[in-house]
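Here is my note on this model. Please read the points in order, with the structure open beside you.

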Amino acid sequence: MRHRVTIEAPVDGVNEFGERVVTWSTVETVYAAVEPVRGREFFAAEQVQSEVSHRVVMRYRAGMTTRMRLLHLGREFHINAIIDVDERHRELQLMCREMLDA
């Protein structure tokens, strides 16, 4: 676990026009292992985009949800699944998705 990642949680709010706005609040910065798992390119909205899946391994942290995101070296990772390894509350494996504009 040699990578520093920042855990962020969404904060729902309303702007001056009454529109729903989501901002992000830093929860904590932790050490983790960030490992790429697979990648693919696809066409979406007439633009080529890349999707890279990563496995992020970190020490167990209560309260993690799939609504949170991770930041690492200026990259944004959306959490798809959270696995409590062996359900022992020692280690979490986060299956994440990073969207890259080509």
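Which residue in β5 is the bridge partner of Leu 71? Glu 76 is the partner of Leu 71 there.

1. Ground rules. This is a predicted model, in which local features need pLDDT of at least 70 and side-chain atom pairs count only at pLDDT 80 or more, while totals for chains, interfaces and linings use all residues. Residues are numbered from 1 along each chain as its sequence is written, and side-chain values use heavy atoms, with hydrogens and water left out.

2. Strand β4 and its partners. Strands here are DSSP runs of E, at least two residues long, numbered from the N terminus. Two strands pair if DSSP finds at least two bridges between them. Strand β1 (residues 3-14) pairs with strand β4 (residues 69-72). The sense is antiparallel, over three bridges. Within that pairing, Ile 7 has Leu 70 of β4 as its bridge partner. β4 also runs antiparallel to β5, and four bridges join them. Arg 69 stands opposite His 78 in β5.

3. The hairpin turn. β4 and β5 form a hairpin, with two residues between them. Leu 73 lies in the loop between these strands. Its phi is positive, about 50 degrees, although Leu 73 is not a glycine.

4. Another positive phi. Asp 86 lies in the loop between β5 and β6. Asp 86 has a positive phi of about 55 degrees, and it is not a glycine. At 64% relative accessibility, Asp 86 counts as exposed.

5. The core. A nonpolar core is a set of buried Ala, Val, Leu, Ile, Met, Phe, Trp, Tyr and Cys residues joined through side-chain atoms within 4.5 Å. The largest one has 16 residues. Leu 70 and Leu 94 have the most contacts inside it. At least two residues of this core come from each of β1, β2 (20-44), β3 (47-59), β5 and β6 (91-101). Contact means heavy atoms within 4.5 Å. Thr 6. Is Thr 6 buried or exposed? Thr 6, in strand β1, counts as buried because its relative accessibility is 19%. Its side chain makes a polar contact with the side chain of Thr 29, at 3.3 Å. A polar contact is a pair of N or O atoms within 3.5 Å; within protein, one must be able to donate a hydrogen and the other to accept it, and residues adjacent in sequence count only if both atoms are side-chain atoms. Not counting residues up to four places away in sequence, Thr 6 touches Thr 26, Glu 28, Thr 29, Arg 69, Leu 70 and Leu 71.

6. Asp 84. This residue is in strand β5 (residues 75-84). Asp 84 is buried yet has no salt bridge. A salt bridge needs a side-chain nitrogen of Lys or Arg within 4 Å of a carboxyl oxygen of Asp or Glu. The nearest side chain of opposite charge is Arg 88, 8.3 Å away. For charge, Lys and Arg count as positive and Asp and Glu as negative; His and the chain ends are not counted. What joins the side chains of Asp 84 and His 89? A polar contact of 2.8 Å does.

7. Glu 91. Glu 91 is in strand β6. Glu 91 is partly exposed, at 27% relative accessible area. Leaving aside neighbours within four places in sequence, its contacts include Tyr 60, Ile 83 and Asp 84. The C-alpha atoms of Glu 91 and Arg 61 are separated by 8.1 Å, though these residues are 30 apart along the chain.

8. Asn 80. Asn 80 is found in strand β5 and counts as partly exposed, at 45% relative accessibility. Its C-alpha atom is separated by 7.4 Å from that of Leu 94, 14 residues apart along the chain.

Technical notes. Buried means under 20% relative accessible area, exposed over 50%, partly exposed in between (1.4 Å probe, protein chains only).
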